[in-house]
Every structure is written in C-alpha cells, then in structure tokens.
Amino acid sequence: MIGRTWRRPSGGARPFTSAAGPMTLSRGGTETLSLQPDGRFVMRAAGPDDRPRDIVGSWRAVDDGAELQSDDGSLRAVARLTAEDQLFVTPVEPKK
Amino acid sequence: MPARQLAAVARHAAPCFRIEEVSGDRTVYEHRERAADAAAGGDPRIASALASISASRLVQHLTTLTGFGTRFSTSDGFRRAIEFCSGVLGSSGYQVTQQAITVPGHGMSANLIARLPGSSAPPRLLVTAHLDSINLAGGPAALAPGADDDGTGSAGVLEMAHVLASLGAAADVLFVLFGGEEQGLFGSKQFVAAGQGFSPGAVAGVVNMDMIGSDNTLDTPGAPQFGVLIEGAEISRTLVEKLSASAAAYTSLDVTVSFDPHDSDHFSFIEAGIPAVLTIEGEDAANHAIHSANDTMDRVKPALAVEILKMNLATILGWNAQPGIRLSQAATAKPKEKLMPTHRQCATVLVYLMNLEKHPSLRLRQGSARQRLAMSASSIVPKPRNIPVVVHILFKDDADNISDAQVHSQIDVLNKDYNMTNADLGAVPAAFKPLIGNPQITFHLAKVDQTGAPTSGITRKKVSVNAWGADDKMKSTTAGGVDAWDPNRYLNVWVCRLGDNLLGYAQFPDGGPLETDGVVITTPGFGVGGTAASPFDLGRTATHEIGHYLGLFHVFGNSAVPNCTDSDEVSDTPNQLGPNFGRPSFPTMSCPSEPNGDMFCNYMDYVDDVAMMMFSKQQVSRMQASMAVSRPNLGVDPSV
C-alpha cells in the first residue's frame with residue numbers, strides 16, 4: 001500500500017487500484033493517491049468544477065489501514081486494502 | 001417612534017409592540033462616539049482569539065441556510081435547516097436538543113438548543129438567533145431565503161459556537177436557534193417559559209443576533225462603512241455597555257445604542273426579567289429586502305457580520321464575572337483541526353462574496369443599494385437568455401479538427417437539454433418527474449466577433465500539444481492555445497484533447513480570472529458524431545460543464561471521499577453518497593435518508609451521457625440567480 005501510486009476513475013465510491021494499463025474516460029478524469037514512505041500523501045481528485053486538484057497531507061498507520069489527514073482539513077479518511085489490489089478510502093466520522 | 005418600530009407595527013400588528021408617545025427630551029437612539037468607549041486597544045489575548053472567526057465558514061453556512069427555499073417555521077425547509085445546524089453544532093462538539101414549539105395558526109415548529117456535554121452548572125450566557133424565515137407577501141410556501149433575516153444571525157451562532165468550543169471557552173454558554181420568530185417571537189417565548197436547559201436567575205446576559213450582515217448605509221453620504229445597533233433595556237444596560245466597549249476596542253463598528261427593545265427574540269427575555277440585548281446591523285429599517293424573496297446572499301456583506309461577531313465574541317471572552325471562560329486558554333489554545341466538512345462548500349457564492357470583500361469596486365459597480373435590490377429581484381425573475389457561444393477548436397491531428405456539423409450538433413443538444421425538449425426526458429423515473437426544471441436558456445454560435453465582424457462562432461488552431469492539462473493553457477495564445485473572447489458577452493468553449501482521461505472542466509461564476517472564464521471539453525466528449533466516442537457521445541459533457549459554469553455543483557457533493565452529509569446547495573436533489581457511473585437503474589439507494597435514492601439521471605452526476613436527462617427546479621433557480629449576479633450581460637444582446 002505504501003510507496004505505490006493508486007488510481008481510479010474519478011469518484012469517491014470506487015476503489016483505487018495499482019494495476020497498470022489504460023484508464024477509461026471519466027467526467028472528473030483519473031484520480032490518484034500516493035502514500036509516501038515519509039508519512040505524507042498526495043491525492044489528486046476531481047474538484048467541484050471537475051478540474052483536478054491536489055490534496056496533500058499526512059498519513060499514519062491504524063489497525064486496518066492508513067488514516068489520512070489533509071493539511072487543509074478538508075479530508076480525513078481511512079485507506080483500507082480490501083483485496084490484494086483494491087484500496088478503499090472512506091471518511092472518518094466527525095468526533096461528537 | 002423609530003422607523004423600524006413604525007414599520008413593524010404597520011406590517012405585523014404584532015402583540016409585543018406598543019405605540020408610545022416619546023417625550024421631547026428622551027433619547028431613543030444614542031450614537032456612541034468611539035473615543036468615549038475606547039479601551040486602549042483592548043486585551044491583546046482577546047484580539048488574538050478573535051482572529052479565529054472565519055468569514056468563509058460563515059458564508060458557507062449561510063449559503064446552505066439560504067438554499068432551503070424557505071425556512072418558514074413549519075416548513076420542510078425549516079426542518080432541514082434544523083438538521084443542518086444540528087450537524088454543524090454536533091461537529092463542533094455540542095450536545096444538541098430540540099424543543100417542540102407551537103406556532104399558532106400554523107402548527108408545530110422547534111427550537112434548537114446546543115451546549116457542551118458535561119456542563120453541569122447552569123449557563124450564564126446565551127447566544128441566540130432565529131432560524132426561521134418568511135415571505136410575507138407570498139405565504140408559507142413562497143421563496144424566503146432569509147439571507148440577512150436571519151440567516152446571518154443563525155450562521156453567526158454556528159460560528160460563535162465553533163470558535164468558543166475551539167478556544168475551550170464554551171462551557172458556560174448556551175446556544176439557541178429559535179423557530180416561530182416571524183410569527184410573533186413564539187420560539188423564544190416558549191423557550192423562556194419552559195426554562196429548558198437554563199435557569200433564568202443564573203443568566204448574566206443574552207446576546208441575540210438578528211440581521212447582522214446588510215450594509216444599509218451605502219447610500220448615505222459620509223456614513224461610516226459599518227454600523228451596529230445594540231438594543232436592550234435598562235435591565236440589560238451592563239451588557240449593552242460591555243458590547244459597546246468591545247465594539248470600540250476590537251472593531252471598526254459605528255455604534256448606536258437603544259433601550260427600547262422590540263421586534264426580536266431579546267424582547268422575550270427582557271419581558272421575563274432576563275438581561276438580553278439585540279445586536280443588529282445599522283440602519284436596518286433601510287433593508288427593504290427582508291421578509292421577501294429578495295433577502296438573498298448578494299445583499300450580505302460578510303465583513304460586517306464578522307465585525308459584529310467580533311464585538312459579541314470579545315464581550316463573552318472578556319466577561320469578568322464569567323468564571324467558566326478561561327481567557328488565558330482561550331487566547332493561547334490552538335483551534336481544533338477541522339474534521340470532515342459536514343456540507344458542501346459553495347465556492348461560487350463564496351468566491352463572489354469574497355471578491356466583494358477584496359474589491360469594493362465590484363459592489364460599487366452594482367451601484368446603489370436600490371440597484372442591488374433590483375439585482376436581487378432579477379435573480380428570481382429570470383431574463384430571457386440566448387447565449388452566444390464561441391467554440392475554439394485546438395487540434396494536433398487533423399482528425400481532431402472537428403466539423404462544423406459536430407459543433408452544431410453540440411449546440412442542438414444544449415438547446416434541448418436547457419429547454420426540456422430532450423427526447424429522453426420521458427425516461428426520468430416517476431419519482432423525480434415532478435422535480436424536473438426548465439432552465440429556458442438557449443445557445444447559439446456567435447454571429448459577430450469582438451470587433452463586430454460576422455463570424456461562424458468557431459475558431460480553429462493547429463497545435464503541437466498531444467494532451468492538455470487542466471491548467472488553462474489552452475485559454476492563452478501565448479501558452480499555445482487561444483485567448484478567450486470577451487467572457488462578459490460570450491460563452492467560450494475550448495475543445496481539445498485533455499490528459500488524465502478528463503472529459504472536461506469548467507470555471508464557476510466569479511471562480512477565477514475573467515480571461516479563463518468558460519468551459520473546456522475533450523475532443524472525444526464533444527457533440528454528436530465525428531470524434532465523439534461512446535459512452536460520452538451525446539453531447540452531455542458540455543451540458544454538465546455548462547451547469548458548473550452557471551453555478552451548479554455535483555449532486556453528490558464535493559468531498560473527495562463518499563459521504564451523505566454534504567450538499568449541492570439546492571434543496572430538491574437528494575443527498576448522495578458519491579458519484580454514479582454508467583447507466584444506473586431506479587432506485588439507486590446510497591443514503592438511507594433519501595426515500596427515492598439518488599437522482600442519478602441528473603446532468604450533474606457522473607453517469608454516461610445516455611443516463612442523464614434532467615435538471616431539477618432548484619438547480620434552475622440557482623442557475624438563474626447565478627446569472628443575475630455574476631453574468632448579467634451574457635446572452636441578453638441579440639446582436640452578438
């Protein structure tokens with residue numbers, strides 16, 4: 001999971017994959033997620049006007065994956081491997 | 001009698017008012033000279049803490065509140081506003097409860113009450129506003145965005161709650177959003193009567209905010225930029241003086257005070273012997289947009305609301321008799337990091353309002369307050385629009401030098417999709433059919449260019465670029481692309497090969513520099529036939545991107561990760577976990593709160609071209625409002 005670049009057609013509900021090969025056209029383009037060994041991550045995702053935007057932040061290991069926290073506070077999520085080549089990113093519920 | 005009081009009596013015949021002869025030596029409104037109240041610049045720790053107030057967060061919340069159509073006390077919009085505010089306050093760490101109230105003649109409504117969990121002592125300070133809105137002429141179902149009255153106060157409560165919690169200074173504060181205010185202060189009256197969550201004898205002060213964001217002094221020669229009225233009664237004189245001193249020490253506000261309370265929820269507390277104060281924008285009687293469909297976002301000046309919030313927050317932080325507030329901690333504590341957003345950010349309106357803050361000339365361009373009012377009205381009475389389009393074709397391979405026919409096919413699609421004449425409209429699931437909206441916007445290829453010379457509305461340029469990024473270089477001749485035609489008069493569409501499998505992207509209204517305004521569509525996603533490739537070969541990518549260009553968000557929200565809590569800022573599209581793809585079937589359920597599931601057939605989802613076929617009515621309203629505010633001259637000149 002770490003040190004690889006994961007990709008998916010734009011859209012939060014789809015898993016990322018590290019598989020090579022062409023991706024299909026998508027309204028928001030191809031999204032990527034790179035979890036770097038130094039504890040940083042870069043996610044390129046479709047913005048509200050479909051223009052890709054970079055979300056950068058830090059990650060830390062949790063029981064079943066990596067918790068992502070963007071520097072600007074816009075993203076807090078957990079990345080989990082659900083199959084050998086399927087990485088799901090799901091939001092962390094706000095603390096009450 | 002003050003003008004506002006006269007007007008209120010005339011409008012409401014409300015029971016909480018009286019007609020009273022004022023003796024000649026009695027001061028009803030007392031203007032405070034700043035020097036008399038100046039407090040040597042104030043406490044630097046408080047000044048530092050006030051920097052935590054966020055104008056952008058305030059605008060985001062206000063934008064959501066104005067997006068419910070109406071927040072009439074017994075309406076579905078009010079219920080949704082309650083749910084939204086509950087979520088925001090919950091995210092700030094508060095325990096939220098509702099108090100059911102009755103609104104005579106209309107039915108049931110609610111007050112929303114928030115306090116930090118674990119607070120055992122009775123609250124000493126209350127921060128309040130009314131959440132409901134009203135359209136007096138149109139009735140309960142009519143559009144009543146209530147941006148200033150009292151979206152600003154409600155958003156102000158959310159912001160003060162957030163900041164006080166993040167500063168560790170909220171333990172002794174109770175936050176209340178009332179229903180039933182517009183019908184006669186019913187929410188606050190019943191709140192006071194029930195004593196829910198507070199002990200009247202323990203309350204040192206109630207700070208009520210009602211209309212804190214409209215700058216009504218624009219037309220007054222020599223008037224200060226921002227004014228505030230602090231209105232209380234003798235019982236609340238201490239609080240009035242503290243607020244006045246805070247205004248002098250920490251804000252640029254021009255202060256007027258009054259001890260004739262009326263016309264808002266502070267009155268209910270004062271009647272019960274509880275010291276309460278109304279903080280309200282200056283010259284509020286000059287705000288003629290309230291209680292109508294014209295009380296819209298474009299009238300709100302966030303910087304004014306922030307100044308009033310600073311005054312109120314500084315007063316609470318500096319309240320000497322308030323042991324629960326740990327000022328040293330408040331001034332030094334690091335605010336909590338922002339968690340997942342609970343709703344979609346409205347970049348369009350946010351950017352517009354922020355631009356107004358940065359560039360007052362933008363507001364001056366609109367002219368007087370009267371003209372701004374006219375502008376608001378135009379947002380709900382749409383002009384006929386026939387938008388001239390210029391298509392800039394950038395091609396490396398000759399096969400990508402698309403034909404005129406393909407360009408015309410795209411214009412045809414736009415005219416059908418934006419006029420509800422698309423042949424597949426009948427495929428909209430029955431549950432969504434009543435929600436279909438008709439933008440009534442037409443498009444045509446420009447007839448004359450910027451110099452007035454006849455044109456086909458199509459430009460062509462051979463380029464050396466294989467695939468363009470989403471960095472706007474295709475919009476610049478010097479960067480290898482083609483400069484935009486005057487975006488105030490033309491919709492610029494660049495057609496070129498985009499990289500990263502991107503179909504297209506747009507620029508929101510006022511979302512960037514004028515020279516990059518327009519939309520970009522990848523060559524295989526443009527028009528019908530020719531280079532258009534399945535499943536994006538029906539011209540719907542342009543329909544989608546122009547939706548953004550006219551101010552629409554995706555129906556699934558803006559978060560990079562799926563969630564059901566963000567919104568597209570329109571009230572008739574269901575919340576949706578994330579984008580849909582391909583060709584979904586009805587029902588597609590992603591969020592449990594939505595009985596009909598996702599509106600996947602909406603042009604603003606991510607499905608294939610063949611699966612999208614409608615805008616909603618509220619999306620249409622948003623587009624019309626957006627054009628009225630940000631693109632007033634687009635598509636109104638028949639000669640272009």
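Which helix of chain B is largely enclosed by the rest of the structure, and how many of its residues are buried? I started there.

**Ground rules.** This is a predicted model, so I kept in mind that local features need pLDDT of at least 70, that side-chain atom pairs count only at pLDDT 80 or more, and that totals for chains, interfaces and linings use all residues. Residues are numbered from 1 along each chain as its sequence is written, and chains are lettered from A and ligands numbered from 1 in the order in which they are written.

**Entry 1, the enclosed helix.** My answer is α7 (residues 186–194) of chain B: seven of its nine residues are buried, so the rest of the structure largely encloses it. Buried here means 20 or more other C-beta atoms within 10 Å of the residue's own, with exposed at 12 or fewer, partly exposed in between, and C-beta atoms placed from the backbone. Helices (H or I, at least four residues) and strands (E, at least two) are DSSP runs, numbered from the N terminus. I listed the buried ones in α7(B): B:F186, B:G187, B:S188, B:K189, B:Q190, B:F191 and B:V192. They pack against β2 (95–103), β3 (107–115), β4 (125–130), β5 (173–178) and α9 (266–271) of chain B. For contacts, the C-beta atoms of two residues, placed from the backbone, must lie within 7 Å. After α7(B) comes B:G195, with a positive phi near 60°.

Next I looked up α5 (residues 76–91) and α6 (residues 147–166) of chain B, whose axes come within 9 Å and cross at roughly 15°. Axes are lines fitted to C-alpha atoms, for helices over the stretch in contact, and angles run from 0 to 180 degrees between N-to-C directions. α5(B) and α6(B) are therefore roughly parallel to each other (under 35 degrees; over 145 is roughly antiparallel, 65 to 115 roughly perpendicular, the rest oblique). Their crossing is right-handed, that is, the near helix is turned clockwise from the far one by less than a right angle. B:C85, B:V88 and B:L89 of α5(B) meet B:S154, B:L158 and B:A161 of α6(B). By class, that contact has five nonpolar residues, one polar and no charged. Ala, Val, Leu, Ile, Met, Phe, Trp, Tyr, Cys and Pro count as nonpolar, Asp, Glu, Lys and Arg as charged, and the others, Gly among them, as polar.

β6 (residues 205–209) of chain B pairs with β9(B) in the parallel sense over four bridges, and B:N208 stands opposite B:L278. β7 (residues 227–231) of chain B runs antiparallel to β9(B), also joined by four bridges; there B:V228 stands opposite B:E281. Pairing needs at least two DSSP bridges between the strands.

Of the 96 residues in chain A, 43% are buried.

I have 33 residues of chain A in contact with 38 of chain B. β7(A) gives the most to chain A's side, with three residues. That side has 15 nonpolar, eleven polar and seven charged residues.
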